[in-house]
Amino acid sequence: MPSSSIVVISKCTVYPEYKSSNSKSLKLSVSDLPMLSCQYIQKGVLLSQPPLDAAALISLLKLSLSKALAHFPALAGRLHTDAKGHVYILSNDEGIEFVHAKAPHLSAAALLPSHADIPREFRSFFQYDSTLSYAGHSKPLMAIQVTELSDAVFVGCTMNHAVVDGTSFWNFFNTYAEICKGAKKISRVPDFGRDTVFNSPAVLKFPAGGPAATFSGDEPIREKIFHFTREAILKMKFRANNGKLCNGENGKLNGKITPVNHEPGLQNGGAASEISSFQSLSAQLWRSVTRARKLEASKTTTFRMAINCRHRLEPRLKPLYFGNAIQSIPTVAKAGELLSHDLSWAAEMLHRNVVAHDDATVRRGIQDWENNPRLFPLGNFDGAMITMGSSPRFPMYDNDFGWGRPLAVRSGMANKFDGKISAFPGREGNGSVDLEVVLAPETMAGLENDMEYMQYVS
């Protein structure tokens, strides 16, 4: 059905419940600034029909949003560049955009088809399509769109990527849901400190009018969710570790899933001996997408992973540090080598790079950027790149607004191109993972016929 049939009922500005007591501006860091050429993040949750009429629902969501913004005053502000070229978030209480829309012809079942591409209707559940984060100098840093469906409601959140990474995005979303459910005191207080290694005097210079996107967004793509159960991921992990798992007897699956970004056996900077579940899944995807692309054996392929640096630094950043605290780890291999070896070879390469990304590596990355300030090169520039974003560790299904956990998590069109992958937790939890895969149509068709990959897909 055409997205034009989604009707906007109202738009308004929502302000923090009370004026910001902390009027201090927040300087964008070495991790924030490169994201100014990235589009606003667009993620949202599909919820069952609430036990409220439309007027009561919208009133509750606006009031709860106002209360949540009082805990995150930066999100109600705007970006500002000073005379020296440093960019700041001004917590000036200018507010965010709230949109109420209706799509009575759409149902939850229609939006969650089995074994089919993601319906294009999800693209209309978000604001600020194709908007670069640099636009936060004049636009709100965030927008909420609530779309009523025939038997469900979708809450879509659009947020400036130079202001937040995934950790901060979902912390706000969780807080919003928590307050809507009736909490008088929030459980996860954000840390707005800026006395970190990411704080830098370096200046990133922009052309007049701001940066351009680093990818065109015009190429045809397909989007699809692939679901992996805990058991399927354990089988991949077993293969990746050559039948040897540290958490159980060799040759046996003991049922333990290693969390993403946690390297078992890694103590005092030593090498971890076990390849994680997520590294195993990523390696399988890398192999299968490379095969589906039919690349020349000599072609260099790149698998790029975004990682959270909060726990990698010494001393560590606070887990709820507000802002971006991410770096990108590229792993490269010739297509021929990647496909001629088994899964464990690719998984071991990813694993070694992740384990090696310690405090010293993070600091070297910061120094390298300070020596050459630049925007983040988001895109697939040679037809052989994969970029993994988001994380199955993010508490996406904790967003219970008062009438139950989400039915699904979905995203808009932001930052999507051939080779962009986003990892979500599976709804059933317990180590399951959903991969949102964006590929060129012919590559997606090849992936769907790749039995090494599809044998693990539910």
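How many helices and strands does the secondary structure of the protein come to? Colour by secondary structure and you'll find ten helices and 15 strands (DSSP runs numbered from the N terminus: helices are H or I with at least four residues, strands are E with at least two).

Before you click around: this is a predicted model, where local features need pLDDT of at least 70 and side-chain atom pairs count only at pLDDT 80 or more, while totals for chains, interfaces and linings use all residues. Residues are numbered from 1 along each chain as its sequence is written, and side-chain values use heavy atoms, with hydrogens and water left out.

Now zoom out. The C-alpha atoms fill a box of roughly 60 × 50 × 40 Å along the principal axes.

Next stop: the second largest pocket, with about 460 Å³ of space. A pocket here is an open set of points on a 1 Å grid over the protein atoms alone, where a 1.4 Å probe fits, with protein on both sides within 12 Å along at least five of seven lines; lining residues have an atom within 4 Å of a point. The volume is the space filled by probe spheres set on the points, which are joined across faces, edges and corners.

Select Pro113, Ser114, Ile225, His227 and Arg410: of the 24 lining residues, these lie nearest the pocket's centre. Then show strand 9 (222-228) and strand 13 (408-411), the elements giving two or more residues to that lining. Strand 9 gives the most, with four.

Last, look at the 458 residues together: 57% are buried, meaning under 20% relative accessible area with a 1.4 Å probe, protein chains only.

How values were computed: Buried < 20%, exposed > 50% of the residue type's maximum accessible area, 1.4 Å probe, protein only.
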